[in-house]
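Subject: Structure handover

Hello,

Here is the structure we spoke about. Please have it open while you read the notes below.

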Amino acid sequence: MLKTLRRAGPPLLLLAPSLILVGVFVYGLIVANFQTSITDNHTAAQATGREPSVLVWFRNYTDLLASQAFQHSLTNLVLYTLVFLVGTMLMGFLWAWILDKPIRGEGIFRSVYLFPMAVSFIASGVVWRWLLNSNQGEQASGLNRLFQNVGLDFLQNNWWNNVTFGITAIALPAIWQLSGYVMALFLAGFRGIPDELREAARMDGANEWKLYRHVLFPQLSPIALSALIIIGHMSLKAFDLIMSISKPANYQTKVPAVDMYVFKSSFDYANSAAVGAILLIIVAVVIVPYLMHLHRQEKQ
Amino acid sequence: MTTATAGAVPEPQATVPSTPTGTSGRSVDLRRTPAQQGRFTMARTLRYAALLLFLVVVLIPVYVLLVTSFKGTGDATPARAWSLPQLWTLENWQGAWTALSPAILRSVQMVIPAAIISAFLGSLNGFVLARWRFRNADLVFTLILFGMFIPYQAVMIPLTQLVLGLGIPSGIPSLILLHVVYGIPITTLIFRNYYMTVPHELIEAARVDGAGMLRTYWSVVLPISVPSFVVVLIWQFTSAWNDFLFAVFFSSSQNGPVTLALNNLANGALLQDYGVSMAGALFASLPTLVVYILLGRYFIGGLMSGSVKG
């Protein structure tokens, strides 16, 4: 007992500040948030504690999930995630694939493709809000005007003002910002594959497609999984871009993270907390198996 | 990770003339038939064409930002949206600087301590979890790592109450605390992955010499941690500088960082003054862009560690 303490004591002591902080700010607050989400804390008076809140169990959750407005948020989230994921994976892979073989100027292309990652969503939102202006015809500016200028008038559309698919317009700047990141991941993946492996496959008579299908893709699949998890996880938390391009109260482009903010602003703490908890559950369903998978790999 | 299959390769050094692999592609060219060379240049031209096309597409927003930021009010008609300014002016830049400079200063005051403190905590954690291990160290690591993935919306309501309850002033002090706390998982991850590559012998030697844990950390581990510190500092600097979520919940336009001020500038005015907000967006992005241009190598290092695989 004393020996265990002497061995585990010092390292645990060194970890203690972080463990306490993470314990309180992550795990403790998740519990506290859940507690708020199962009360009827819907008014400013209750939020500030002037009036008591009553336990209502899962009524906030069932009400939210039954409401048309929140269903719209969830549909938006799915659409956004789908477009964001497909867009970044395709662009990222394509860029990495083109840049994989040695080519002069590679560094410049790579840096330019990656630079949007260094910019905040808020700053890029300023310019994309202009680009995605929904005016058409005479009044058109932004991308709609550009389409006119190059004779592609039929591509003009009202972007994020479309009720059903408006959210996918917000995914465009997200793709612009994160494709370079996926490229960097895939490029590292390509470079990690030993040349001998490709040459051996070629000597065995594999054509380019077979080489990719049977040799390179299997080698890249862990990278692709990481990229999917990271981008998917960013997408579920989408907030900044929507706040800067449309307005938080904008029905077309609302997602759960925005609902959470709107509920909080109107002192509806219970619903705000419930939306947060729902987001956590959605993320956990994806992340927990992934972390366990990594944990097992580490043990091997 | 590929040892099993790579072991089956008969002669790694064998030269296959028709494959332009490796970096010595140019010397291989000489051995090609004219037809093969033709196909090779054709393919290369296509690649360049595609790369240049994508380059232009990626740079479109930059063109818009720059051009609009130099336009005067007379140029603001939709018909001239994509044209160069008729009259180049610095008015927007002056306006943006007046509007944003206090917030930029606050952002600087926020990111520097936030990045340094969380880097230091991450380094301590990473060292213990990688090289001064105890039972269940991996479990503790996974539990810390989970904090990186939670949507902060899931803690936001009680978090605002907790920060208020602790009596921490709204604005920069609160934000420093939050960036430090929620930066712990990623900084721990980056340092742990780095320390895993430090040879065991180095630590053991210090241990045999009778150095305790802190002594080993201070005199053996810390001196070799410089590259990781650069990666982590850049990473934390960038993410704290670009953060908007915490800013919107924990500060106001009077005491908040530049992302909040920029968003208010861009969305606040009744009539949207795109010139000023675009100049503002460039101002707000300048620090992270400069870091990216000067230290891009390390920036990418941070991105890679972000992918957990290390």
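In chain B, 43% of the 310 residues are buried. Buried means that 20 or more other C-beta atoms lie within 10 Å of the residue's own; 12 or fewer is exposed, anything in between is partly exposed, and C-beta atoms are placed from the backbone. This is a predicted model: local features need pLDDT of at least 70 and side-chain atom pairs pLDDT 80 or more, while totals for chains, interfaces and linings use all residues. Residues are numbered from 1 along each chain as its sequence is written, and chains are lettered from A and ligands numbered from 1 in the order written.

Chain B has 13 helices and zero strands. These are DSSP runs numbered from the N terminus: H or I of at least four residues for helices, E of at least two for strands.

Contact here means C-beta atoms, placed from the backbone, within 7 Å. Of the contacts in chain B between residues at least 6 apart in sequence, 76% join residues at least 24 apart.

Next, the interface. Here 79 residues of chain B touch 90 residues of chain A. On the chain B side, helix α13 (residues 274–306) gives the most, with 15 residues. That side divides into 54 nonpolar, 21 polar and four charged residues. Nonpolar covers Ala, Val, Leu, Ile, Met, Phe, Trp, Tyr, Cys and Pro; charged covers Asp, Glu, Lys and Arg; the others, Gly among them, are polar.

One helix pair spans the two chains. Helix α13 (residues 269–299) of chain A packs on helix α5 (residues 137–149) of chain B at about 150°, with axes 11 Å apart. Axes are lines fitted to C-alpha atoms over the stretch in contact, and angles run from 0 to 180 degrees between N-to-C directions. The pair is therefore roughly antiparallel (over 145 degrees; under 35 is roughly parallel, 65 to 115 roughly perpendicular, the rest oblique). Residues making the contact include Ile287(A) and Leu291(A) from α13(A), and Leu145(B) and Phe146(B) from α5(B).

Now the core. The largest nonpolar core has 168 residues, and Ile170(A), Leu100(B) and Leu262(B) have the most contacts inside it. Such a core is a set of buried Ala, Val, Leu, Ile, Met, Phe, Trp, Tyr and Cys residues joined through C-beta atoms within 7 Å. Helix α8 (residues 166–192) of chain A gives the most to this core, with 16 residues.

Lastly, Ile229(A) sits in helix α10 (residues 208–236) of chain A. Its C-alpha atom is 7.7 Å from that of Val286(A), 57 residues apart along the chain.

Best wishes

Notes: Contact = placed C-beta atoms within 7 Å.
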